[in-house]
Amino acid sequence: MTVAQALVEFLGRQYVADRVGSEEYRARLIPGMFGIFGHGNVAGVGQALKQWQVADPTLMPYYQGRNEQAQAHQAVGYARHTRRRQTFAVSTSIGPGSSNLLTGAALATANRLPALLLPSDTFATRAADPVLQQLEQPHGYDITVNDAFRPLSKYFDRVNRPEQLFSALLHGLRVLTDPAETGAVTIALPQDVQAEVFDVPEEFLAEREWRIRRPEPEAEDIARAAELIRSAERPLIVAGGGVLYAFAQDQLREFAEATGIPVGWTQAGVGVLPWDHAQALGAIGSTGTTAANALAREADLVIGIGTRYEDFTTASRTAFQNPGVRFVNINVAPIDAYKHGSSLPIVADARKALVQLTTALGGYRAGADLEQAVASEKARWDATVDAAFDERYSPLPSQNAIIGAANRAMDPRDVVICAAGSLPGDLHKMWRVRDPFGYHVEYAFSCMGYEIPGGLGVKRAALDAANRGEDPRDVVVMVGDGSYLMMHTELVTAVAEGIKLIVVLIQNHGYASIGALSEQLGSQRFGTKYRTLDRAHHTFDDGEKLPIDLATNAESLGVTVHRIEPGPNAIDDLEAAIAKAKAAPEGSGPIVIHIESDPLIDAPSSESWWDVPVSGASELESTKKAFATYIEHKAQQKPLLG
């Protein structure tokens, strides 16, 4: 068979196996392949997929897409919702088809989420040289576009000889299923090698299981962690995505209830507890709640579970101000367990570590003063969010009220999707999550344009789960006009497959998030508005709003659109439109709900900070003032956490 035929048959027979407690899980590791065909892959992978579509369409179903980057985002969204147990493969042609995947590769790796990328490559034999779309470098003729994937991938290989396919795929799938090392796996396939015939051992094509490793913690580490917790007066848990990937939300709840230790969560960790749980402080850090940040400032012991402590979580290393604070960091990935000079790194599965730590702390409970502080700060923040959700500005509503309307209209099991702009921070601090799978904001790479394709990937996973007997979930994408214009074309994919994806499109005529940040940093919202060009001053800041009709744009793609008219009834109308969209049957296709908002109304303050450097020299008074504020915050920044 050809290399491409062997590749497709091999991937169709790979299974993931996992055990969480007494539950055994087994499913297809790669349930399908996305692809856009060009001369680099049409006669290789394209031919192999067609051959199997005729012989057995269940082996490796093919799915169309409209943009290679978006296809990678779909794979990541699917992987996130399946808790890194499954992902999709993506085939591209050479040149721009391959380079379009680069952002998707970086996003997968930054988020620690698996995606199998199969970019085609130029001729290995150089029989046709240079081929169309080939990149030529005089200092290194073996360099191709695909070498750019090396720093963006957790595993990279290039199959220059047919026999190399065996080791390339086996090593690649090892990384895909490694909870500590997963990310983008890129295997470059020269277009001539794809079509080359060779002998394939039957054992290579046999069914194979890949068991997800869930390592136990060291007994010494658990004993030391218990000792540190018992000696602490103001302990605090920072829960990240690793809690969800370990299916440890129940164990975290039991641990928090038994010990009385409060829990703040990262963007990836939203869902580890319901928002109204007694120990739930909500989001922590730069986009956090005042409750979590108040407790963080005083904490003398921080227990990080499944978090990589990025700068939003640590408020750029200003969140934890107790001079004696120490850190216990539980993570399956050593790079994250040891990060920031952690006082006690524990390399282990979050679920198993929590079970053992709960046993080791039998009878321990934090002081009543901590419990009172948690209740008081929670009540203060809940009242703040209630007020923000109840805002009724007219004619244009605030984003706060829009988020509140979506939160009320959605069922507990529904999933909200977002990635970039002001929405992720506002959702992080205010979204009242009620289900462990109910929130997915891609914030490791925070990629504009991720929202719709990522949401489509989540919806595919939710539909697959429903087909296995789980209760259904609606998926609601919340996206601003900036991200929508970056990458909305996967709506066509949803139309083609009849996938009911609900999109709340917020039109504010510019970049609201970076506009607010620009103003805060003294740059006066420069370049962040969608306006016509004032040629006399060469500025886009003061012209007329662009005559863009995004609702009509969505309709032109075959999407059902609900327009929310500005005015005092906008929020009530939005809730009704979401309810109507939810009532539409599965298979009816995507629905866009278009609403305008006022970009100048901010979300409630987190009473926190994010380090974005301000110009130290300026002729603008606004920048001088911002720099003075910046210096004040920098004085609170620590060189390390632990």
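The radius of gyration here is taken over C-alpha atoms, and the globule rule is 2.2 Å times the number of residues to the power 0.38. For 642 residues that rule puts a compact globule near 26 Å; the protein has 25 Å, which agrees.

This is a predicted model, in which local features need pLDDT of at least 70 and side-chain atom pairs count only at pLDDT 80 or more, while totals for chains, interfaces and linings use all residues. Residues are numbered from 1 along each chain as its sequence is written, and side-chain values use heavy atoms, with hydrogens and water left out.

**Overall fold**
- The protein holds 23 helices and 21 strands (DSSP runs numbered from the N terminus: helices are H or I, at least four residues; strands are E, at least two).
- Its C-alpha trace spans about 70 × 70 × 55 Å along the principal axes.
- Contact means heavy atoms within 4.5 Å. Among contacts between residues at least 6 apart in sequence, 77% join residues at least 24 apart.

**Burial and surface**
- Of the 642 residues, 60% count as buried (under 20% relative accessible area, with a 1.4 Å probe and protein chains only).
- The protein exposes about 24500 Å², and carbon and sulfur atoms supply 52% of that area (Shrake-Rupley method, 1.4 Å probe).

**Asp121**
- Asp121 sits in strand β6, residues 115-121.
- Its relative accessible area is 3%, so Asp121 is buried.
- Leaving aside neighbours within four places in sequence, Asp121 is in contact with Ile94, Thr144, Asn146, Arg158, Ala188, Leu189, Pro190 and Gln191.

Technical notes: Buried means under 20% relative accessible area, exposed over 50%, partly exposed in between (1.4 Å probe, protein chains only).
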